[in-house]
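Here is a short briefing on one protein chain.

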Amino acid sequence: MTLVEELLAIANEAALLVMEVYNRPFEVDFKGPNDPVTEADRRANQFICERLAALCPGAPIVAEESDPLSFREFRQGERIFFVDPVDGTREFVQKNGQFAVMIGMVEGTRATCGVIVAPALQQAWAGDLEHGAFEVDAQGKRKTIRTSDHTEARGIRIVASRSHRTPTVQAALDAIEGANVSALGSAGLKGTWVASGRAEAYVAPGAAGQRWDCCALDAIVTAAGGRVTDAWGDPIDYRAGLINDRGILASNGHLHGSLLEQLAKIRGAG
């Protein structure tokens, strides 16, 4: 079994734990202002970390609900896993289905493998740089996915946050003339729209969560033929800090340069 298959199996099992909580009453705690966490996050986090530790002994596991001391030396790992047990906890709490289990892997300086499972939507996506990307539907049928071939700025389909629509994000979206914007929960799900050709770009200038919010989508979008950088056009540095403080831009690749130019104008205007 390939590594991406192993990771997909782990994420699918974790998704079952998440849905056990989702389908019954549950309590919501807060790690900080507007930062909810539930039993589903904690249970899935523990399960995934235990399975990854058995699969790849010694590899650092940077997981959202783990004690930061457990991965304090992660930068030294040849292979690093980034785990978001429930990406889109706000959506999980609101019960709108737009959340996902995400596992991404970095080798060297690149996100090379990733899986995203949306249990309430009964869909999954996976990819690695060597073999490409695919999606799995509710019946278990697999289909290879590729980013769109759209090259014209006008009519570009953009997916953006529904829970983090900051003034910076809104200004960027307003600056892209003729764009068709869709709001969606979960950074990972937004990435899958780009990877599968449903949208040309996911635009998130400014603060955009943590590294575990983007590693899996980075690998899948890139494996599907797209491009992922920060909002300045630089590759995501997974061995630096854990905060995506320079934003995220995921695109089909064809429009990446023009979108970066628009984001630069927003910064200049500010």
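**Backbone details and overall build**

Q122 sits in the loop that links β6 (110–118) and β7 (123–128). The model is predicted: local features need pLDDT of at least 70, side-chain atom pairs count only at pLDDT 80 or more, and totals for chains, interfaces and linings use all residues. Residues are numbered from 1 along each chain as its sequence is written, and side-chain values use heavy atoms, without hydrogens and water.

**Positive phi**
- Q122 is not a glycine, yet its phi is positive, near 55°.
- Q122 is exposed, at 53% relative accessible area (exposed is over 50%, buried under 20%, partly exposed in between; 1.4 Å probe, protein chains only).
- S186 lies in the loop between β11 (180–184) and α5 (187–195).
- S186, also no glycine, has a positive phi of about 70°.
- S186 is buried, with a relative accessible area of 5%.

**Fold**
- The chain has 7 helices and 14 strands (DSSP runs numbered from the N terminus: helices are H or I, at least four residues; strands are E, at least two).
- The radius of gyration is 17 Å, close to the 18 Å from the globule rule for 270 residues, so the chain is as compact as a globular protein of that length (C-alpha atoms; the rule is 2.2 Å times the number of residues to the power 0.38).
- The C-alpha trace spans about 45 × 40 × 40 Å along its principal axes.

**Burial**
- Of the 270 residues, 53% count as buried.
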